Amino acid sequence: MPPVAAPEAGFPWIVLAILLPLAGMVAALPLGRHARALALLLIPAGLVVALLLAAQVWREGEVTYALGGWTPPLGIALRADGFSAVMVVTTAVVLLGVALFAQSSFRAPPGEETRAALLFWALLLGLWGALNAAFLGNDLFNLYVALELLTLAAVPMASLEARAETLAAALRYLFFALAGSVLYLLGAVLLYGAYGTLDITLLAERAGPEPVTWAAAALMTAGLLAKTALFPLHLWLPPAHAGAPAAASAVLSALVVKASFFLVLRLWFDALPGVMTAAAGQLLAALGAGAILFGSVLALHQVRMKLLVAYSTVAQLGYLFLMVPLAGGGGAAQPWDAGAWSGGVLHAVSHAFAKAAMFLAAGLFLRAAGHDRIAELRGMGAALPMVTLAFGLAGLSLLGLPPSGGFIAKWLLLTTAMASGQWWWALVMFAGGLLAAGYVFRALTPLLARTETPVLPGRPVPRHQQWAVLGLALCSVALGVAPLMPFALLQVGRPEAAEEGIG
Amino acid sequence: MTATLYGLTGAALVGIGLYGLIVRRHALRRLLAFNLLGSGVFLLFGAVAERAGPGGDPVPHAMIITGIVVALAATALGVALVLHLARETGRAEPDPPEG
Amino acid sequence: MTALWLLDLCLVAVILAVALSAVAARDLFAATVFFVAYGLLIALAWVRLDAVDVALAEAAIGAGLTGVLLLGVTARVHMEARTPGPGRGMRLAIGAGCAAVSVALAAAVLSLPVPAPSLVPAVEAAIPATGLGNPVTAVLLAFRGYDTLLETLVLLLALLGVWSLAPDRLWGGRPGLRHRARPEGTLAWLGRLLPPIGLLVGVYVFWIGSDQPGGAFQAGTILAAVWLLAIMAGLSDAPPVRSLALRLVLVAGPVVFLGIGTAGLFVAGAFLGYPPAAAKTLIVTVEAALTLSIAATLALLVAGAPERAP
């Protein structure tokens, strides 16, 4: 093996996408009070890098990169296909909105360094780098390290306010996340023992349907589901996401849980496509259905706005797993070839924008009213019309009403469910839509209620924060109006199993 | 032969650690169980490496070292969380009081 | 052969018994002591598995630092759990489930293919290009250097996470309580005696790491232990977290690693690549910086969040 194999031509945007945020996190510590300025500089730059990477994938197809010039199985490769490019861009856009929102809340007085101001930005940069490492990694052990990096950035974010209940929530989050990584690693160990590599591309060639592989897949899937908070492993999510500062909640709920979901798909569709069975796909979707119904019902019963939004995440994550048995249909010559795949990915993206907007909006209601008890937010809509509009638009996407990204996503999933004769999943989606309508309207009704005397915010809400929320909500709607670009990008390097189905 | 013996030990340790992680309520007991569980996984990996022949496969060895360091980092964060939780609430378990 | 086999059987039996005791012990302190003993026994198992590098890491990190962390907090969090654990029936069911997992794993271990697939030939073919003699170091710093880079960042993030728990008014201050050992006491005596020896051992373990078992992580842990001992003996104090010098030491390893990795783009054609002629020098440079940062990070992870006002 040559020691240095020249990587593929073209600028290594794929490396820069991971390097930029991580180098920023390292620099943030000695920079101290300038960490915020650094992050506000790097996040727009990172969006440009993400777009350039997406453009490269679009023009040249799948991008792979052998780190250090050491090709797998000895070395580690990065790989960007359409799906990873979409996720990297989504991450950068959501972070841009969140950074715009947080730049005034996590800001130290001039010349001083405060705990929250330094650590929020340093953790945010670390979390961003970990997300990109997870979306672009092609080695199962390296992905384990990336997941741990993500956990260790996300858990302190959840307890940034260091109150008793957030400490308990963060600790519970840590336990679930650690148990999840260990199970994931255990599966990876078995795969290495059986096939001598953890490179996803090589595993796809070598792994066959054998008991060892099934055991490995079951362990890794279970571990990743604990990290994604899929029902019934969702218990940690609502308190952890609801207890964090609004900007952190938005990132945790919109992006962090998607990384482990992304890796479930990588594992099932890219690494072990010949190993998974149709029955396993049905089981995964059944858990998703449980999440949709259970999470929605609990969201309906929440008294506090942030918890309602958090339970809605539990429910919306369920839809993502319906795509596993629905993917395919390419062989049946259907016109929506791989429609469920596109629908599922689009749902992940539009939910990211919608959920970030909702959590930030909930944070602004909390700031204005001094509490987030839904029933007592009467008349807030007139006081904060822009934020209420953003909340409503994001709700539209969760409901799956046109025009929104959520509508196209759910419509694609629904049509594939009918076309493939799996009507029971269509029923679940229908029920989930009704329940979502219930909880979104329950949150909106008091906001839109007329009050005798106009409600004034207890604390002023800065304009730029309102714009950040509205911008994110508009992104989730825009996906419903112009979804074609991401669709075409998604085709690049799409796994065959996405077209032909599992099992 | 040695590899198989330690591989089986790793498998047993995973079960022991998993049991402690699920059954115990005290957060420090859980962290301890998590470390046992992780150590079982590493031992299993070490057995896989040893199957490659005398001297073993260095790639898993390096990965295990990485894993040990990562487990320590996570344990340190867990310990700090427990310490502050205990200070704030006088309790050392993250679950709500009624169980 | 038979004697070694018997030794293995005894070792395994003791390891399992100690692990069970650590989970089953009634008392938190006893459980922690069992856990430290377990870490030392497991280090022996690593020697038996021809993994001396791992044995060193396990003894230093797994048993040593994790043990110090858990023992240290046990003294401060003495309350018992108040929520009742699962009932007897439930515990039996969970136990049965965990046993089933173990049995399934055991079956998986027994069904692994013969001959075992491995990367030994690939490592042997590629190691000359690194100039290193220790294949584990070559994997950690060259072939899978990206893992190691992320891992050092995991350590750094964990430290930020620990620090994030400090109350706002103490931000920038020194971690942990000040230790005042009696000047005539054993701890102070050990604190004077051991650091020079530990320093020597730490530097040695770093230096031989390129060709023999050892390296940045093991050496960093030893140096961290030396520093912690000096702090506990009252010979030195933990630095305030606002100290710029401290922060530069913490990030030195990642910065040098990232810097040399990026230079690889231009001189070796790939991020994290080394030109073969200079590979060993560059790797030792990265390792030296990593050893320093790892030592400081690990020591501060054990020291905890700031507890004294700046």
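Is C:Asp50 buried or exposed? That was my way into this predicted model, and I found C:Asp50 buried, with 22 other C-beta atoms within 10 Å. The cut-off for buried is 20 or more, so C:Asp50 qualifies.

**Entry 1**

I stayed with C:Asp50 for a moment and looked up its backbone. Its phi is positive, about 60 degrees, although C:Asp50 is not a glycine. I placed C:Asp50 in the loop between helix 2 and helix 3 of chain C.

I then turned to C:Leu272, which is not a glycine and has a positive phi of about 70 degrees. C:Leu272 sits in the loop that runs between helix 10 (244-267) and helix 11 (279-303) of chain C. I counted C:Leu272 as buried, with 30 C-beta neighbours inside 10 Å.

My next stop was a peptide bond. C:Val114 and C:Pro115 are joined in cis, with omega at about -5 degrees. I traced C:Pro115 to the loop between helix 4 and helix 5 of chain C.

**Entry 2: a cis bond in chain A**

I looked for cis peptide bonds in chain A too. One joins A:Pro402 and A:Pro403, and its omega is about -5 degrees. A:Pro403 belongs to the loop between helix 15 (385-399) and helix 16 (405-419) of chain A.

**Entry 3: chain A as a whole**

I noted 20 helices and 2 strands in chain A. Its radius of gyration is 22 Å, close to the 23 Å that the globule rule gives for 503 residues, so chain A is as compact as a globular protein of that length. Along the principal axes, the C-alpha atoms of chain A fill a box of roughly 75 × 55 × 40 Å. Of the 503 residues in chain A, 68% are buried. I also checked the contacts in chain A between residues at least 6 apart in sequence: 81% of them join residues at least 24 apart.

**Entry 4: a helix pair in chain A**

How far apart are the axes of helix 8 and helix 10 of chain A? I read off 8 Å for helix 8 (residues 211-228) and helix 10 (residues 246-271), which pack at an angle of about 160 degrees. That angle makes helix 8 of chain A roughly antiparallel to helix 10 of chain A, because angles over 145 degrees count as such. Their crossing is left-handed.

I listed who meets whom. Helix 8 of chain A brings A:Ala217, A:Met220, A:Thr221, A:Leu224, A:Lys227 and A:Thr228, and these meet A:Val257, A:Ser260, A:Phe261, A:Leu263, A:Val264 and A:Leu267 of helix 10. Sorted by class, this contact has 8 nonpolar, 3 polar and 1 charged residues.

**Entry 5: A:Ser296**

I picked A:Ser296, which lies in helix 11 (residues 278-300) of chain A. A:Ser296 is buried, with 25 other C-beta atoms within 10 Å. What does A:Ser296 contact, leaving aside its neighbours within four places in sequence? I found A:Ala315, A:Gly432, A:Leu435, A:Ala436 and A:Tyr439. I also took a distance to A:Gly223, 73 residues away along the chain: the C-alpha atoms of A:Ser296 and A:Gly223 are separated by 24 Å.

**Entry 6: chain B**

Chain B has 3 helices and 0 strands, and along the sequence I read the pattern α-α-α. With a radius of gyration of 17 Å, well over the 13 Å that the globule rule gives for 99 residues, chain B is more spread out than a compact globule. Its C-alpha atoms fill a box of roughly 55 × 25 × 10 Å along the principal axes. Even so, buried residues make up 80% of the 99 residues in chain B. Among contacts in chain B with a separation of 6 or more, 54% come from residues 24 or more positions apart.

**Entry 7: what chain B touches**

I looked at the contact with chain A, which takes 27 residues from chain B and 23 residues from chain A. On the chain B side, helix 1 (2-23), helix 2 (27-50) and helix 3 (58-89) each supply at least two residues. Helix 3 of chain B gives the most, with 15 residues. That side of chain B divides into 19 nonpolar, 6 polar and 2 charged residues.

Then I turned to chain C: 75 residues of chain C are in contact with 71 residues of chain B. Among the elements of chain C that give two or more residues to this side are helix 1 (2-24) and helix 7 (145-163). Helix 3 of chain C gives the most, with 13 residues. By class, I have 51 nonpolar, 12 polar and 12 charged residues on the side of chain C that touches chain B.

Notes. Residues numbered from 1 in each chain as written. Chains lettered and ligands numbered in written order. Predicted model: local features only at pLDDT ≥ 70, side-chain atom pairs only at ≥ 80, totals over all residues. Helix = DSSP H or I, 4+ residues; strand = E, 2+ residues; numbered from the N terminus. Rg over C-alpha atoms; globule rule 2.2 N^0.38 Å. Buried ≥ 20, exposed ≤ 12 C-beta atoms within 10 Å, placed from the backbone. Contact = placed C-beta atoms within 7 Å. Nonpolar A, V, L, I, M, F, W, Y, C, P; charged D, E, K, R; others polar. Axes fitted to C-alpha atoms, helices over the stretch in contact; angles between N-to-C directions. Parallel < 35°, antiparallel > 145°, perpendicular 65-115°, else oblique. Left-handed = near helix turned anticlockwise from the far one by under 90°.
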